[in-house]
Amino acid sequence: MSENLKRLTGQGVSIWLDDISRERLRSGNLAALVRDKQVTGVTSNPTIFASALSKGDAYDDQLRDLTVRGVDVGEAVRAITTYDIRWAADVLRPVFDATDGVDGRVSIEVDPRLATDTAEKTVAEARALWWLVDRPNVHIKIPATVEGLPAITQALAEGISVNVTLIFSLERYRAVMDAWLEGLEKAKAAGLDLSKIESVASFFVSRFDTEIDKRLEKIGTPEALALRGKAAIANARLAFAAYEEVVAGDRWQALKAAGAHPQRPLWASTGVKNPDYPVAMYVDQLVTSGTVNTMPEKTLDATAEHGSIDGDTVRSGYTEAWDTMAALKQVGIDYDDVVRALEEEGVEKFVASWTELLGTLESELEKAR
């Protein structure tokens, strides 16, 4: 077991794996990561499933059965993905039980084509996934678009645990936290057990640097270039500062007294995109208790081998974070335009990934005929 990973969890950071596949489950690899590398949760997305489907033979038996039944590709994708999510949830159930339902969570995403559609459709999709997986330790991923906010509230109000995804801006993050509080308040009013409802808020990290670095390089001044690789960590640290403000407030304190769990900030997109940056920078620089860091296995291994885990690196960095944001504005970076572009691009990528998944599955079903 890596000392770095032990130190990270010792600081109160939950390590989740941003990957899933039938082969990983069948081989016992996920169970080994839980046992040996401090992994206490799993996140998934359509790209991950598309990649898993296109490799090896782990899905062949189920694909043949689906072909014999003559199901359409939409039903097939739900059958395959929820099977893997149920299996992963069962692997992580001991963690779920040992942590009173805080960790041991596995996330599955609503159809991303609904991200800018009505909240009613997203809630219906969330309910369907909740019923299909039928495990208490599942998270339903709902995007933090404007249209997604009321769906987040309604899902939580019905007792569905939610992973809010695609958060880039501080303003939207505050809206997400408001939607979370409102959902729990409605659940409380309906007499639901708040201790059974769990939520995380996935704040995207590396994509923020990728977008801003591109703009800084276009500006090209020494002052601009000196800010490369600093924006994402600053943005995430300020998100945590916003979270601290909310959980210090009366609304949360009343819900906490009623048994609710906090909506932990989850650092997503933590794999380094720029090879010039330290491989574990989005782990090392975002260490603070009460958070989750979901990592692809490459980042997990990099953190184990090369991480530098040395105390809280979030709360101590608030002043530096504000200074970085001020400097970005001074050199000409328009924060609002950046986060708007990232959300639009994020939704487009999620939809493209879903289309890729459907196409991959259709191809695999055809092979199985």
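So, let me start with the lining of the largest cavity: H4, H6, strand S3 (105–109) and H18 each put in at least two residues. Before I go on, please keep in mind that this is a predicted model.

The structure has 1 cavity of 30 Å³ or more, and the space inside the largest cavity comes to about 50 Å³. Who lines it? The residues are Ser44, Asn45, Pro46, Phe49, Arg78, Thr81, Ile108, Glu109, Trp354 and Leu357. Sorted by class, that lining has 5 nonpolar, 3 polar and 2 charged residues.

Let me stay with one of those residues, Arg78. Arginine 78 sits in helix H6, which runs over residues 73–91. Is arginine 78 buried or exposed? Its relative accessible area is 14%, so arginine 78 is buried. If you skip residues up to four places away in sequence, arginine 78 touches Glu109, Val110, Asp111, Glu125, Leu129, Leu132 and Trp354.

The largest pocket holds about 670 Å³ of space. It has 33 lining residues, and the closest to its centre are Asp18, Asn45, Ser269, Lys273 and Pro296. Which elements supply at least two residues each to the lining of the largest pocket? Those are helix H4 (46–53), strands S5 (162–167), S6 (199–204) and S7 (264–268), helix H16 (297–306) and H18. H4 has the largest share, with 4 residues. By class, the count for this lining is 12 nonpolar, 14 polar and 7 charged.

Ser269 deserves a minute of its own. Serine 269 is in the loop between S7 and helix H15 (281–284). Its phi is near 55 degrees, a positive value in a residue other than glycine. Serine 269 has 12% relative accessibility, so it counts as buried.

You will find aspartate 100 in the loop between helix H7 (93–98) and S3. Here the relative accessibility is 63%, so aspartate 100 counts as exposed.

Next, the second largest pocket, with about 550 Å³ of space. Its lining has 28 residues, and nearest its centre lie Ser169, Tyr335, Asp336, Val339 and Arg340. S5, helix H10 (170–189), H17 and H18 are the elements giving two or more residues to this lining. H18 gives the most, 8 residues. The class count here is 15 nonpolar, 3 polar and 10 charged.

That brings me to H17. Helix H17 covers residues 318–331, 14 residues in total, and spans 20 Å from its first C-alpha to its last, close to the 20 Å expected at 1.5 Å a residue. Which residues of H17 are buried? They are Tyr318, Ala321, Thr324, Met325, Leu328 and Val331.

On the face turned away from the buried side, H17 carries the exposed residues Thr319, Trp322, Asp323 and Gln330. Just after H17 comes glycine 332, with a positive phi of about 110 degrees.

One last stop: isoleucine 197, in the loop between H10 and S6. Its relative accessibility is 4%, so isoleucine 197 counts as buried. What is isoleucine 197 in contact with, leaving aside neighbours within four places in sequence? The contacts are Leu156, Gly159, Ile160, Ser161, Leu184, Ala187 and His261. Its C-alpha is separated by 8.2 Å from that of valine 162, 35 residues away along the chain.

That's my tour; happy to take questions.

Technical notes:
Residues numbered from 1 in each chain as written. Predicted model: local features only at pLDDT ≥ 70, side-chain atom pairs only at ≥ 80, totals over all residues. Heavy atoms only, no water. Expected span 1.5 Å × (residues − 1). Buried < 20%, exposed > 50% of the residue type's maximum accessible area, 1.4 Å probe, protein only. 1 Å grid on protein atoms, 1.4 Å probe; cavity = no way out; pocket = protein on both sides within 12 Å on 5 of 7 lines; lining within 4 Å. Points joined across faces, edges and corners; volume = space filled by probe spheres on them. Nonpolar A, V, L, I, M, F, W, Y, C, P; charged D, E, K, R; others polar. Contact = heavy atoms within 4.5 Å.
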